[in-house]
Amino acid sequence: MHGVIFAELQSYADSKHGAGTWNALLEKANLKRKPYLPVQTYPDADVVALVAAASALTGTPISTILEDFGEFIVPDLVNMYGHLLKPEWSTIDVIDNTEKTVHSVVRVKNPGAEPPQLRTVRASKDEVSLTYRSPRRMCGLAVGIGRGLAKHFRERIAITHRTCMYKGAPECEIVFRKMG
């Protein structure tokens, strides 16, 4: 997992639950690695352990934590990768183009970074179906990022999680539809 996710997770933990939460998560996850540098890559197992620790400490389901975290990181993602987005794009357009714009750049500029494989099918101008496949099984992050993008663009969207790896599917299908 790319180090920027760890940096964002630390910011999320401490801002949502108070200073020191990050250290509590590291302890609960039995991780001694400090600090996680944004420009390096770390084992996927570390982020999985940290999210599981957050779930255990807060009593919040993992999927809810991932969705909230996804929404939380959008402003920073837009700051980092906004130059890759076309000014006329909407939430649906960004989701539809993430794989060929943002993820392709991440793979080239950050050897070892392995963002999830995304496939999209555009049903209409206002709807896109996203297929998420990753051994990390962090589809909730994609849902939260969709929500965060809608907030960023001041749009309303409906999100339907049609199939999910947590329910035995080999991949997740998430439909994002612009409302109104």
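Rings of Phe, Tyr and Trp (its six-membered ring) count as a pair if their centres lie within 6.5 Å. Ring pairs of this kind link F6, W22, Y36 and Y42 into a cluster. Keep in mind that this is a predicted model.

**Aromatic pairs**
- The count comes to six aromatic pairs by this rule.
- One of them joins Y12 and F72 edge-to-face, at 5.3 Å centre to centre with 70 degrees between the planes.
- Y12 sits in helix α1 (residues 3–17) and F72 in helix α4, so this pair ties together parts 60 residues apart in sequence.
- Y12 counts as buried at 6% relative accessibility, while F72, at 24%, counts as partly exposed.
- W22 and Y36 have ring centres 6.1 Å apart and planes at 75 degrees, so they too pair up edge-to-face.
- W22 counts as buried, with 4% relative accessibility, and Y36 counts as buried with 7%.

**The largest pocket**
- Its volume is about 170 Å³.
- Among the residues lining the largest pocket are S63, E67, C139, H161 and K167.
- α4 (62–81), α7 (139–153) and β3 (156–163) each supply at least two lining residues.
- The lining splits into four nonpolar, four polar and three charged residues.

**A look at E171**
- You'll find E171 in the loop between β3 and β4 (172–179).
- E171 counts as buried because its relative accessibility is 18%, and the cut-off for buried is under 20%.
- Its side chain makes a polar contact with the side chain of R119 (3.5 Å).
- Beyond its neighbours within four places in sequence, E171 touches residues including T131, Y132, R133 and M165.

Key: Residues are numbered from 1 along each chain as its sequence is written. This is a predicted model: local features need pLDDT of at least 70, side-chain atom pairs count only at pLDDT 80 or more; totals for chains, interfaces and linings use all residues. Side-chain values use heavy atoms; hydrogens and water are left out. On a 1 Å grid over the protein atoms alone, a cavity is a set of points where a 1.4 Å probe fits but cannot get out, and a pocket is an open set with protein on both sides within 12 Å along at least five of seven lines; lining residues have an atom within 4 Å of a point. Grid points are joined across faces, edges and corners, and a volume is the space filled by probe spheres set on the points. Helices (H or I, at least four residues) and strands (E, at least two) are DSSP runs, numbered from the N terminus. Ala, Val, Leu, Ile, Met, Phe, Trp, Tyr, Cys and Pro count as nonpolar, Asp, Glu, Lys and Arg as charged, and the others, Gly among them, as polar. Buried means under 20% relative accessible area, exposed over 50%, partly exposed in between (1.4 Å probe, protein chains only). A polar contact is a pair of N or O atoms within 3.5 Å; within protein, one must be able to donate a hydrogen and the other to accept it, and residues adjacent in sequence count only if both atoms are side-chain atoms. Contact means heavy atoms within 4.5 Å. Rings of Phe, Tyr and Trp (its six-membered ring) pair if their centres lie within 6.5 Å; planes under 30 degrees apart count as stacked, over 60 as edge-to-face and the rest as tilted.
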